[in-house]
Amino acid sequence: MLASRWPLARRKSEVAFEFFATLGAPFFTFHDRDVAPEGTTLAQTEGNLDRIVDQIEAAMQRTGVKLLWGTANLFSHPRYAAGAATNPDPEVFAYAAAQVQKAMHVTQRLGGENYVLWGGREGYDTLLNTDLRREIAQLGRFMHLVVEYKHKIGFTGTLLIEPKPMEADQAPIRPRCRGGACLLAPVRSREGGEAQY
């Protein structure tokens, strides 16, 4: 993170917890990039997040505000313009996986009740620029990695998986849970059936 951004990140955290305490809010949520902007490398970015999490942890203890859920921002950086978990570039896929891994670790460290895997840039614009079968399989592999990591680190919170919103004419949204992960909306395959996760 640029040196000029660090005081702003620290101040944003201080003001946020002041505000939460004033409101009497029992919980807060965050995206990793909400609290610590990206550095020039993955290692620097993770270090920035660790530094601000120390401050957040102290603010949580001071105010009693708890973490409802944490998540990784896999949508605002230009690298994710073609998706994160569904991106055809293996380097982007790997970067997204590393970012989720770090955000899950931070969520666990802060005692988060849940972790949200939100695919804000997953999917496609038209059927002409994607292979749906491959995309769903790749998203499934990504989700499998996330669930494995959840168990590896002993995260006891719920893993919430929220894919691209459905169109109004599709089936109603209903949660489905399996193996500690909850899918908040069904993903449709080309044939119109729900994808397996």
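**Note on aromatic contacts in the predicted model**

1. At 18% relative accessibility, Phe20 falls in the buried class, because that class takes in residues under 20% relative accessible area. This value, like the others in this note, comes from a predicted model.

2. Phe17 is likewise buried, with a relative accessible area of 2%. Helix H1, which covers residues 5-23, contains both Phe17 and Phe20; the two are 3 residues apart, about one turn of the helix.

3. Across the whole structure, the search returns 5 aromatic pairs. One of them joins Phe17 and Phe20: the ring centres lie 5.2 Å apart and the planes meet at 80°, so the pair is classed as edge-to-face. The assignment follows because planes over 60 degrees apart count as edge-to-face.

4. Phe28 and Phe30 form a pair with another geometry. Their ring centres are 6.4 Å apart and their planes are at 25°, so this pair is stacked. Phe28 and Phe30 are both buried.

5. The phenylalanines named above belong together: ring pairs connect Phe17, Phe20, Phe28 and Phe30 into a cluster.

6. A separate point concerns Arg79 and two tyrosine rings. Arg79 is placed over the face of Tyr95, at 3.7 Å from the ring centre. Arg79 also lies over the face of Tyr80, in this case at 5.4 Å from the ring centre.

Methods
Residues are numbered from 1 along each chain as its sequence is written. This is a predicted model: local features need pLDDT of at least 70, side-chain atom pairs count only at pLDDT 80 or more; totals for chains, interfaces and linings use all residues. Side-chain values use heavy atoms; hydrogens and water are left out. Rings of Phe, Tyr and Trp (its six-membered ring) pair if their centres lie within 6.5 Å; planes under 30 degrees apart count as stacked, over 60 as edge-to-face and the rest as tilted. Helices (H or I, at least four residues) and strands (E, at least two) are DSSP runs, numbered from the N terminus. Buried means under 20% relative accessible area, exposed over 50%, partly exposed in between (1.4 Å probe, protein chains only). A charge sits over a ring if NZ of Lys or CZ of Arg is within 6 Å of the ring centre and within 35 degrees of the ring normal.
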